[in-house]
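This report describes the packing of one protein model. The sequence and structure come first.

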Amino acid sequence: MITQASCESPQTLVLGGAGTGKTVLAIARAQQLAKDGFRTMLVCYNELLGAELARRVGQTPSLTAGTFHALCLREVQRAGIVVSNKRDQAWWEDEAPSVLIDACSRNETIYDAIVVDEGQDFSPSWLDALKCVTRNVEEAPFFMFADSRQDIWRRGWDLDADFPFVWELTRNMRNTHPIAKRVAAIVGGDAQDRGILGPNPIWRASDGPAKERDVVNAVEHLLDQGFGPTSLVVLCGSRRMAERLRERSIGPFSFGLWGSRGIPVETVSRFKGLESQAIILVLDGPFSNDAPTSAYVGMSRARSVLVVVGDGADQSPLSWDTQ
């Protein structure tokens, strides 16, 4: 059950839908803790978001920002612990937390406070490991920001969740009203947003799952409207589609990774936690049980312009035809 309480509690879970400002608040909380003299770790799972967090906090004294696994590998290297260069999925999921605790113990690395962004990406063992590297575990400030509706990885982050205080963010601060309505419809909710006007989202119907030519046509249309590499991101459901698109170019623009000079093409899962003025969401695979979650994440990345490219038959499962 969700209750409202002050975010000043040392152990606080902040819940909120996509676009409600969780990352902004996570950064602000981490910076304030560091300013107050706490050695603070601001941590997430996604590599792209981790780089963005590190960029935004800059050289803030007593504050380190990055991904959970980057933290693990950094402490492992400092401790001189030998791990295989061929780390499989089981290592990242199950062994990394215990290795982190061992490495921090050898390095005498202790944090006074932890702030976790996109907490739904974490497993309980990862969260336990973070608590184990804090001073005065029971009293150390531990803030987690999460959205269960963006739980792509299904690691059971909330199985052992026991926070004295849970605070809920309810207003969408990112999307225009038309986009917020589409995003809310996927999860059966009402749009609580700032009422910012903008163009209606567009569904460009494809013959079956979206093909490369469908995406190229959608990109060309937005390029003609003045969008470019700094304001447009293409999000794909599969890595295969993203890799194929990165081999192509349109006029003077090539497709590339987020942060490159070309038009960014990423998967929905890699881009989670970030945003762009315009998003082209590519539904390039058979519709599955996880598709609504992926679409919710992908569509909510758009601040003002949203184009969905996919089979018209997928509109109904996403409640697109109800708006």
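## Basis

This is a predicted model, in which local features need pLDDT of at least 70 and side-chain atom pairs count only at pLDDT 80 or more, while totals for chains, interfaces and linings use all residues. Residues are numbered from 1 along each chain as its sequence is written, and side-chain values use heavy atoms, with hydrogens and water left out.

## Nonpolar cores

A nonpolar core is a set of buried Ala, Val, Leu, Ile, Met, Phe, Trp, Tyr and Cys residues joined through side-chain atoms within 4.5 Å; buried means under 20% relative accessible area and exposed over 50%, with partly exposed in between (1.4 Å probe, protein chains only). The largest such core has 41 residues, and L42, V115, I279, L281, M299 and V308 have the most contacts inside it. Helix α1 (residues 22-35) supplies the largest share of this core, 5 residues. Apart from it lies another core of 31 residues, including M41, V99, C104 and Y111.

Beyond its neighbours within four places in sequence, L281 is in contact (heavy atoms within 4.5 Å) with L235, V268, A295, G298, M299, V307, V308 and V309.

## Helix α3

Helices (H or I, at least four residues) and strands (E, at least two) are DSSP runs, numbered from the N terminus. Helix α3 spans residues 68-79, 12 residues in total, and reaches 17 Å from its first C-alpha to its last, close to the 16 Å expected at 1.5 Å a residue (1.5 Å times one less than the number of residues).

Its buried residues are F68, H69, L71, C72, E75, V76 and A79. Seen down the axis of α3, they fall within an arc of 155° (taken from the directions from the helix axis to the C-beta atoms), so they line one face of the helix. Their cover includes β2 (40-44), β3 (63-67), α4 (89-107) and α5 (124-132). Q77 and R78, on the other side of α3, are exposed. Just after α3, G80 takes a positive phi of about 75°.
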